[in-house]
Amino acid sequence: MSQERNTRRRILKGAVAASALTAVPFISARAQSKAIRIGIPTAITGGYALLGSQAQRTCRLVQKMVNAKGGVIGRPVEFLYQDTAGDPAAAVRKSQELVERDGCRILTGVIVSSEAAAMLPKLEEWNALFISHGNGDGRLTAELYVPRFFRANTSAPMGARALALYLRDTPQMKFMAIASDAAWGRSSNKAFEEQIKKVGKNLVDQVFAPVANKDYSPYITKIMQSGAEGCYVALQGDEARAFYSQAQQYKLPQRVQFYTEIVAQADIKVLGKDAIGLMGSSRYPITYDIPENKTFLEAFRKEHPNELPDWTDGEMYQALMILFAALEKAGSDEPMKIVAAMEDLEVTSVKGPVKMRKCDHQGENQGFVVKVGHNQRFSEPVGEIVKIYPREMTTPDCRSASYSS
């Protein structure tokens with residue numbers, strides 16, 4: 001069995017994430033006592049609890065899938081969960097408990113970018129590795145960069161970039177933006193403003209709604225009065241669902257085309273038929289027709305027959321496939337060995353080819369723009385891909401949230 005693993009490690013190129021699922025099918029009793037423990041400090045309660053529940057369900061699915069195939073490097077994987085409620089101080093405290101009490105030297109599943117930012121300075125002290133599945137703040141791989149942090153997901157600047165590239169060829173000239181007054185929302189809006197001006201469009205106004213805001217009527221009125229033809233929306237979780245629901249009451253979508261930084265299935269579900277026509281960038285395009293996505297989608301729908309995976313599920317799955325490919329390449333769960341293995345690692349996952357760039361640990365992801373519509377494969381509207389941009393166009397300059405071209 002050792003010879004088989006060594007052979008596999010020699011041929012592993014990191015190009016196919018599914019290799020992490022093809023480990024030997026037998027786990028010895030000794031290996032079982034040394035499970036690879038992965039800490040999930042996530043939002044189980046609070047305004048971002050839905051996103052946290054999605055991260056948890058995908059971790060549980062992946063644990064089941066991976067361990068059924070023999071684990072990673074011949075060892076089972078085990079996920080341990082702690083509730084941060086989306087609070088940065090709680091994220092640091094709960095992460096430290098996972099590291100020091102539970103022996104989790106690998107952390108992921110963090111929901112809010114401000115939580116991630118608070119954790120970065122502690123990673124060296126904890127001798128831990130943190131791989132982001134969804135944190136969007138561009139600064140995390142720029143001025144806040146630390147060697148033990150990797151971002152596998154599309155960042156806020158990358159989502160805004162893909163959308164701006166698409167809008168370059170649309171007839172609308174005047175746009176307004178509404179964003180959450182949080183690190184991710186401000187990073188998204190800053191990137192959109194920068195990119196929309198580059199393609200010759202005009203951002204007439206922008207507003208920031210308080211975190212956990214419930215009444216969007218003042219902002220909706222301002223959008224209606226702005227004269228904008230399109231509205232960029234950088235809201236997530238309960239905030240997004242409240243905004244879209246209230247916007248429908250004012251019939252705003254009939255007057256202004258919404259373009260969102262993240263098209264979320266949960267938001268589509270709330271809006272129902274009113275979601276038809278919503279456009280935006282997608283961090284996980286459910287309709288992407290590649291074998292890796294088909295494998296994930298089939299496993300997810302078998303486990304959750306009445307649900308569709310959301311962007312958090314897809315990004316969580318991709319981050320774990322990248323992590324497991326790095327573990328196989330390193331042949332160890334020692335954090336700094338994983339760091340070395342993950343740098344410039346190329347993996348093909350649910351969103352196609354991803355390269356974990358060595359210079360800043362940002363994952364180079366393709367950019368997807370989708371439009372919500374009906375699809376015969378699914379019982380509810382989904383984001384249909386209208387444009388795919390190569391990762392070279394959507395990934396910002398090294399250790400930057402901006403683009404030189």
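Hi everyone, let me start with a hairpin: two residues link strand 11 to strand 12. Strands here are DSSP runs of E with at least two residues, helices are runs of H or I with at least four, and both are numbered from the N terminus. Before I go on, a word on the model: it is predicted, so local features need pLDDT of at least 70 and side-chain atom pairs count only at pLDDT 80 or more, while totals for chains, interfaces and linings use all residues. Residues are numbered from 1 along each chain as its sequence is written, and side-chain values use heavy atoms, with hydrogens and water left out.

Strand 11 and strand 12 (residues 352-356) run antiparallel and are joined by four bridges; two strands count as paired if DSSP finds at least two bridges between them. Thr-348 has Pro-353 of strand 12 as its bridge partner, and Ser-349 has Gly-352.

Moving along, strand 12 also pairs with strand 13, again antiparallel, over two bridges. Here Lys-355 stands opposite Glu-364 of strand 13. These two strands form a hairpin with six residues between them, and His-361 in that turn has a positive phi of about 65°. Put together, the three strands make an open antiparallel sheet in the order 11-12-13. Strand 11 (346-349) and strand 13 (363-364) are at the edges with a single partner strand each, so one side of each has no neighbour in the sheet.

Now, how far can we trust the coordinates? The predictor's confidence in each residue, pLDDT, runs from 0 to 100. The chain has a mean pLDDT of 92, and 92% of its residues reach 70 or more. Where pLDDT is low, the predicted coordinates should not be read in detail.

On to the domains, whose bounds come from an automatic or database assignment. That gives domain 1 (34-154 + 289-365) and domain 2 (157-282 + 369-394). Their centres, taken over C-alpha atoms, are separated by 26 Å. The contact takes 28 residues from domain 1 and 25 residues from domain 2.

Last topic: cavities. On a 1 Å grid over the protein atoms alone, a cavity is a set of points where a 1.4 Å probe fits but cannot get out, and lining residues have an atom within 4 Å of a point. Grid points are joined across faces, edges and corners, and a volume is the space filled by probe spheres set on the points. How many cavities of 30 Å³ or more does that give? The count is three.

The largest cavity holds about 190 Å³ of space. It is lined by 17 residues, and the closest to its centre are Tyr-48, Ile-111, Val-112, Ser-113 and Trp-184. Helix 5 (113-119) and helix 8 (183-198) each supply at least two residues of this lining. By class, the lining has nine nonpolar, seven polar and one charged residues; Ala, Val, Leu, Ile, Met, Phe, Trp, Tyr, Cys and Pro count as nonpolar, Asp, Glu, Lys and Arg as charged, and the others, Gly among them, as polar.

The second largest cavity has a volume of about 100 Å³. Of its 13 lining residues, Val-263, Gln-265, Ser-282, Tyr-284 and Ile-286 are the closest to its centre. Domain 1 and domain 2 each give at least three residues to this lining.

Key
1 Å grid on protein atoms, 1.4 Å probe; cavity = no way out; pocket = protein on both sides within 12 Å on 5 of 7 lines; lining within 4 Å. Contact = heavy atoms within 4.5 Å.
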